[in-house]
Amino acid sequence: MNSSSNHPSPALQFLDARRSVPSRQLGAPGPDDATLLRMLASAVRVPDHGKRVPFRFLRIAGDARRALGERLAERSRARDPQAPEAAIEKDRLRFGFAPVAVTVIARLGPDEKIPEQERLLTAGSVCFALLQAAQALGYGAVWLTGWPAYDEQVERWLGVQAHERIVGFIHIGTAKLEAPERERPDPAALTQAWSP
Ligand SMILES: Cc1cc2nc3c(=O)[nH]c(=O)nc-3n(C[C@H](O)[C@H](O)[C@H](O)COP(=O)(O)O)c2cc1C
């Protein structure tokens, strides 16, 4: 059954309520393993041209978050020896707030039929679907990248292979504050009708 814009369905209301929670506002409790798997089961339901499954997940939780933070701080200093202490500390804490961060890794490499762009888009869609699934289960989440998503040393530490790319770190936890809303784009202003 269709529902009008004056009476949006619960599903549409849910989609319209989607918003990110900044990672420093994410705290315990995070999803347990079963709940996280449930979220991922929803997240993998993405359009996937050729059914390539061009993604995989790496869960960063518990003490591993602190260990990664120490490495990021070390790497941050190596990347920029002049970096102020505050910047190093920010990197040390990148994974220090949300109880769980799911690294979404695109699996690319040669493919005779499906363009790389399409496989990358599928992996990106997984990130968005995971945000929605987290929110549907009552958690807050945010999709972050920053330099660690593009750094060769971090890739090595995380076991990211040559044909793979980090598309996002999805931080998930309990929102400590109501997430801020921001102005959204006006779809009418972005839409034109094509005429021949
Ligand atoms: C690929 C990607 C990477 C992002 N990386 C960052 C990031 O590193 N730092 C950040 O503050 N926001 C980042 N964002 C933006 C947030 O995920 C989020 O969209 C933003 O805070 C606005 O909130 P909203 O999702 O409620 O619109 C990224 C978004 C995308 C799609």
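User: How many nonpolar, polar and charged residues are in the lining of the second largest pocket?

Analyst: A lining can be read by sorting its residues into classes. In this predicted model, the second largest pocket has four nonpolar and four charged residues in its lining, and no polar ones.

User: What volume does the second largest pocket have?

Analyst: The space in the second largest pocket is about 150 Å³.

User: Which residues line the largest pocket, and what is its volume?

Analyst: The volume of the largest pocket is about 180 Å³. Its lining consists of Ser23, Arg24, Lys90, Leu93, Arg94, Phe95, Phe97, Leu144, Thr145, Pro148, Phe169 and His171. Sorted by class, that lining has six nonpolar, three polar and three charged residues. Arg24, Lys90 and Arg94 are the charged ones, while Ser23, Thr145 and His171 count as polar.

User: Which residues surround the ligand?

Analyst: A shell is read as a list of neighbours, then by class. Here the ligand has Arg18, Arg19, Ser20, Val142, Trp143, Leu144, Thr145, Gly146, Arg182 and Arg184 around it. The shell has three nonpolar, three polar and four charged residues. Arg18, Arg19, Arg182 and Arg184 are the charged members. Leu144 and Thr145 belong to the shell and also to the lining of the largest pocket.

User: Which polar side-chain atoms lie at which distances from the ligand?

Analyst: Thr145 places a polar side-chain atom 3.1 Å from a ligand nitrogen. For Arg182, a polar side-chain atom is 2.6 Å from an oxygen atom of the ligand. Arg184 has one at 2.7 Å from a ligand oxygen. Taken alone, the ligand exposes 620 Å², of which the protein buries 56%.

User: What pattern does the chain follow along the sequence?

Analyst: Such a pattern lists helices and strands in sequence order. For this chain the order is α-β-α-β-α-α-β-α-β-α-β, which comes to six helices and five strands.

User: What percentage of the chain is made up of buried residues, and what box do the C-alpha atoms fill?

Analyst: The buried share is read against the length of the chain. The chain has 196 residues, and buried ones make up 37% of them; the cut-off for buried is under 20% relative accessible area. Along the principal axes, the C-alpha atoms fill a box of roughly 55 × 45 × 35 Å.

How values were computed. Residues numbered from 1 in each chain as written. Predicted model: local features only at pLDDT ≥ 70, side-chain atom pairs only at ≥ 80, totals over all residues. Heavy atoms only, no water. 1 Å grid on protein atoms, 1.4 Å probe; cavity = no way out; pocket = protein on both sides within 12 Å on 5 of 7 lines; lining within 4 Å. Points joined across faces, edges and corners; volume = space filled by probe spheres on them. Near = heavy atom within 4 Å. Polar contact = N/O pair within 3.5 Å; in protein donor to acceptor, adjacent residues only side chain to side chain. Areas by Shrake-Rupley, 256 points an atom, 1.4 Å probe, with all protein chains shown as cover. Helix = DSSP H or I, 4+ residues; strand = E, 2+ residues; numbered from the N terminus. Buried < 20%, exposed > 50% of the residue type's maximum accessible area, 1.4 Å probe, protein only.
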